[in-house]
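Good morning, and thank you for coming. Please look at the sequence and the model on the screen while I speak.

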Amino acid sequence: MKIQSIRGVKDILPGEIEKWHKVEAAARRVFAPYGFQEIRLPIFESTSLFKRSIGETTDIVEKEMYTFTDRGGEEITLRPEGTASVVRSYIQHKMHGQNRLVKLYYMGPMFRYERPQAGRFRQFYQIGAEALGSASPLVDAEVMTMLIALFRDLGLDNVELQINSLGCPECRPPYRELLKDAIRRHLDELCSNCTSRYERNPLRVLDCKVERDREIALTLPRISDHLCDACKENFTAVQAALTSMNTPFTLNTQLVRGLDYYTRTTFEVVGTEGLGSQNAICGGGRYDTLVEEFDGPPTPCFGFAVGVERLIATLPESTWQDITTKPDLFAVLMGDEARQRGQEVIQKLRATGWHVELDYEGGSMKSQMRKANREESRFALIIGDNEIESGQYVLKNMAGGEQIPIEANHCVEQIEAHLKTTQT
């Protein structure tokens, strides 16, 4: 039997990985001016971390986590999301002792045992950002603005920022009871997921994707009508800050997100074209109690996570136009001395960042030129006995066929000049 990758995971091959590199580079480029720094997190953590943070009534904890017992008898889980690990690290390394807003971002694989389908995998990748240490509405607006800036940088314009407020520990509990009472009148009409969890997590009914349940959800009490004065004031300030930052948004009173730790501002960014009903590209929000729940000091936080696979599938083809894996130069080297001289040139060009290939088997000139064509190299550098004797190598433009004499003593500088002037 041939060994295959496990169902729900995939290899990211050359030809595709370049897209990932571009998205990751854009994130680093956009996040840096906002003061965010990268953190690398463990792939697995203690299972209790995710049970406490995500919530034991969520689908993730109940059905989707990859959990096992290690040889020391400890229950371990492959991380299903990144926020809990960031918070654990924040507390463990006493970042809160710095008495300032800590801004972190991460990139890497997450793991959930879901039914594999288009754009959804059991090992998937996220880019996330967390701002820890401020309750200011300006933080909410700034982080959401930064996210929209990332999408704009990648050429994704057809998106909509949707926001809502989930209230706080003061106003949400009475709203939950009101919502449960309203849901109870529709139990015989709701899907099995909603009927089984409405007692424990009634807000999830508002987020159900079943069409009939969505219709019922529209008739249920809205949390925006039951916010306390402090939450109303906070949400108004978030909207004002977004407006001042020229970040368009819409209100979505059905938006609740799927994790228990969210409070106050929550948001999603959705595609406005061609994504169908499952059009959410990313989401996040404020979680002001999570650090305390992990026995850290009171620390208001705000963050988000973007699914990289989802984002790449959403981006327009124009985003990838400047991506190329084709060589800048293919060295056609004929004879031992030519190979020796050619290797010196190749290494100098590679050291300055040019992509140079050659025929390692040392075939005939005709076969080497065929390989240069097959590789779709921009130029071919030809060095043989005649070129060595004359002191002039030949640089061939593979697109136009023009052959350019290159002085052997200054070949690297002259080759670079031609590579730069024809660079797309």
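I shall speak about cysteines, nonpolar cores, helix packing and a few individual residues.

First, a word on the source. This is a predicted model, in which local features need pLDDT of at least 70 and side-chain atom pairs count only at pLDDT 80 or more, while totals for chains, interfaces and linings use all residues. Residues are numbered from 1 along each chain as its sequence is written, and side-chain values use heavy atoms, with hydrogens and water left out.

Let us begin with the cysteines. A disulfide is a covalent bond between the sulfur atoms of two cysteines. For the search, a disulfide is a pair of cysteine sulfur atoms within 2.5 Å. How many disulfides does a search of the whole structure find? The number is 0. Cys168 is in no disulfide, and its nearest cysteine sulfur, that of Cys231, is 3.5 Å away. Cys171 is in no disulfide either; its nearest cysteine sulfur, again that of Cys231, lies at 3.8 Å. Are these two cysteines buried or exposed? Buried means under 20% relative accessible area, exposed means over 50%, and partly exposed is in between, using a 1.4 Å probe and protein chains only. Cys168 has 11% relative accessibility and therefore counts as buried. Cys171, at 6%, counts as buried as well.

I turn now to the nonpolar cores. A nonpolar core is a set of buried Ala, Val, Leu, Ile, Met, Phe, Trp, Tyr and Cys residues joined through side-chain atoms within 4.5 Å. The largest such core has 47 residues, and Val87 and Leu132 have the most contacts inside it. Several elements give two or more residues to this core, including α4 (83-92), β5 (102-111), β6 (123-132) and α6 (172-184). Helices here (H or I, at least four residues) and strands (E, at least two) are DSSP runs, numbered from the N terminus. The largest share of the core, 5 residues, comes from α4. Apart from this core lies another, of 42 residues, among them Met107, Leu161, Val269 and Cys282. What does Val87 touch? Leaving aside residues up to four places away in sequence, Val87 touches Leu132, Tyr287, Leu290, Val291 and Phe294, where contact means heavy atoms within 4.5 Å.

Next comes helix packing. Two packed helices are described by the angle between their axes and the distance between the axes. The axes are lines fitted to C-alpha atoms, for helices over the stretch in contact, and angles run from 0 to 180 degrees between N-to-C directions. Angles under 35 degrees count as roughly parallel, over 145 as roughly antiparallel, 65 to 115 as roughly perpendicular and the rest as oblique.

Consider helix α5 (residues 137-153) and helix α10 (residues 229-244), which pack at an angle of about 40° with their axes 8 Å apart. That angle makes α5 oblique to α10. In this pair, Pro137, Leu138 and Met144 are among the α5 residues that meet α10, and Asn234, Ala237 and Leu242 are among their partners in α10.

Helix α1 (residues 17-31) also packs with α5, at an angle of about 135° and with the axes 9 Å apart. The two helices are therefore oblique to each other. Here Ala26, Ala27, Arg29, Val30 and Phe31 in α1 meet Met146, Ala149, Leu150 and Asp153 in α5.

A further pair is helix α13 (residues 336-351) and helix α16 (residues 411-421), with an angle of about 50° and axes 10 Å apart. These helices are therefore oblique as well. Val345, found in helix α13, is buried, at 6% relative accessibility. Val345 touches Leu381, Cys411, Val412 and Ile415, not counting residues up to four places away in sequence. Val345 and Ile415 are 70 residues apart in sequence and 9.6 Å apart in space, C-alpha to C-alpha.

Finally, some residues in loops. Most residues other than glycine have a negative phi, and most peptide bonds are trans. Asn246 is not a glycine, yet has a positive phi of about 55°. Asn246 sits in the loop between α10 and β8 (250-251) and, at 69% relative accessibility, counts as exposed. Glu376, also not a glycine, has a positive phi of about 55°. The place of Glu376 is the loop between α14 (365-374) and β14 (379-383), and Glu376 is partly exposed, at 46%.
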